[in-house]
Amino acid sequence: GAAQALKTFLHEQQNRGALARHEMVSMLPALILGCEPHHNILDLCAAPGSKTTQLLGLLPASREGLLIANDPDRLRLARLKHRLQKE
């Protein structure tokens with residue numbers, strides 16, 4: 001039905017990197033910190049990438065600001081790298 005078609009569509013879009021789902025808790029840091037396009041941001045607990053992709057969305061294409069994303073867990077860092085390559 002329509003619900004299954006929507007689920008399939010969303011899954012395909014996420015796999016292509018055209019869509020990123022975020023947990024509410026992952027969205028809070030960027031909102032609370034008041035990150036602006038000209039800020040330099042250091043995200044040391046970046047994996048799996050929800051917060052990081054949101055922060056990237058705040059930085060303009062003009063590259064005024066800078067985002068450095070890392071994670072101490074190698075497996076999670078690999079997932080972050082994979083996710084960002086799709087973005």
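Tutor: The questions below go from the whole protein to single residues. This is a predicted model, in which local features need pLDDT of at least 70 and side-chain atom pairs count only at pLDDT 80 or more, while totals for chains, interfaces and linings use all residues. Residues are numbered from 1 along each chain as its sequence is written, and side-chain values use heavy atoms, with hydrogens and water left out.

Student: What span is expected for helix α1 at 1.5 Å a residue?

Tutor: Helix α1 covers residues 2–16, which is 15 residues. The expected span is 1.5 Å times one less than the number of residues. From its first C-alpha to its last, α1 reaches a distance close to the expected value, which is 21 Å.

Student: Which residue just after α1 takes a positive phi?

Tutor: The residue lies in the loop between α1 and α2. Its phi is about 90°.

Student: What percentage of the residues in the protein is buried?

Tutor: The C-alpha trace spans about 45 × 30 × 25 Å along its principal axes. The protein has 87 residues, and the buried share of them is 25%.

Student: Which residues make up the largest nonpolar core?

Tutor: In soluble globular proteins, nonpolar side chains tend to be buried together. A nonpolar core is a set of buried Ala, Val, Leu, Ile, Met, Phe, Trp, Tyr and Cys residues joined through side-chain atoms within 4.5 Å. The largest one here has 6 residues: Ala30, Cys35, Ile41, Leu55, Leu59 and Leu67.

Student: Why does Ala30 count as buried?

Tutor: Ala30 has its place in helix α2, residues 24–33. Leaving aside neighbours within four places in sequence, Ala30 is in contact (heavy atoms within 4.5 Å) with Cys35, Gln54, Leu55 and Leu58. Ala30 counts as buried because of its relative accessible area, which is 5%.

Student: Leaving aside neighbours within four places in sequence, with which residues is Cys35 in contact?

Tutor: Cys35 belongs to the largest nonpolar core. Two of its contacts, Ala30 and Ile41, have C-alpha atoms separated by 9.9 Å.

Student: Is Leu56 buried or partly exposed?

Tutor: Leu56 has its place in helix α3. Not counting residues up to four places away in sequence, Leu56 touches Leu67 and Leu84. Its relative accessibility is 37%, so Leu56 counts as partly exposed.

Student: Where is the place of Pro48?

Tutor: The peptide bond from Ala47 to Pro48 is cis, with omega near 10°. Strand β1 covers 40–43 and helix α3 covers 50–58. The place of Pro48 is in the loop between β1 and α3.

Technical notes
Buried < 20%, exposed > 50% of the residue type's maximum accessible area, 1.4 Å probe, protein only. Helix = DSSP H or I, 4+ residues; strand = E, 2+ residues; numbered from the N terminus.
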